Amino acid sequence: AGGAGTMSAPSGQSARVAAIAAPTEDVRVLSLATELGSGFAFRAGQYVRLGFGDLAPRDFSLANQPSEALLEFHIRVSGSGDVANYLRSPLAEGDTV
């Protein structure tokens, strides 16, 4: 099987927002702690389908190395899309996605 694609995590698994940073005005770095507490195995190039609030789930590429405990995503929030607006606010540390 190829290296890219959706990771085979259990469907419906939740994660807690461990940190959310804004290194630039139009980027959010989202760090998630999984329910398992230790991340899960993935390969570089894979992505995860994330759901925020009542919004339709979307796919986001993982930005961290597979050996790290937290899952990290670098998400562009330019424009006025639903996910962009949600990541600017109301998403906060401790929230579940």
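Biologist: How many helices and strands are there in the chain?

Modeller: In this predicted model, local features need pLDDT of at least 70 and side-chain atom pairs count only at pLDDT 80 or more, while totals for chains, interfaces and linings use all residues. Residues are numbered from 1 along each chain as its sequence is written, and side-chain values use heavy atoms, with hydrogens and water left out. Taking helices (H or I, at least four residues) and strands (E, at least two) as DSSP runs numbered from the N terminus, the pattern along the sequence is β-β-β-β-β-β-α, and the chain holds 1 helix and 6 strands.

Biologist: In what order do the 3 strands of the open sheet lie?

Modeller: Two strands pair if DSSP finds at least two bridges between them. Strand 2 and strand 3 are antiparallel over 7 bridges, with Ala-19 opposite Ser-31 of strand 3, and strand 3 (residues 27-34) also pairs with strand 6 in the antiparallel sense, over 6 bridges. The open sheet, antiparallel in its pairing, therefore has the order 2-3-6.

Biologist: Which residue in strand 6 is the bridge partner of Val-29?

Modeller: Strand 6 covers residues 71-76, and its pairing with strand 3 is antiparallel. Across that pairing, the bridge partner of Val-29 is His-74.

Biologist: Which residues form the covered face of strand 6, and which the uncovered one?

Modeller: In a regular strand the side chains alternate between the two faces of the sheet. In strand 6, the uncovered face carries Glu-72, His-74 and Arg-76, and the covered face carries Leu-71, Phe-73 and Ile-75.

Key
Buried < 20%, exposed > 50% of the residue type's maximum accessible area, 1.4 Å probe, protein only.
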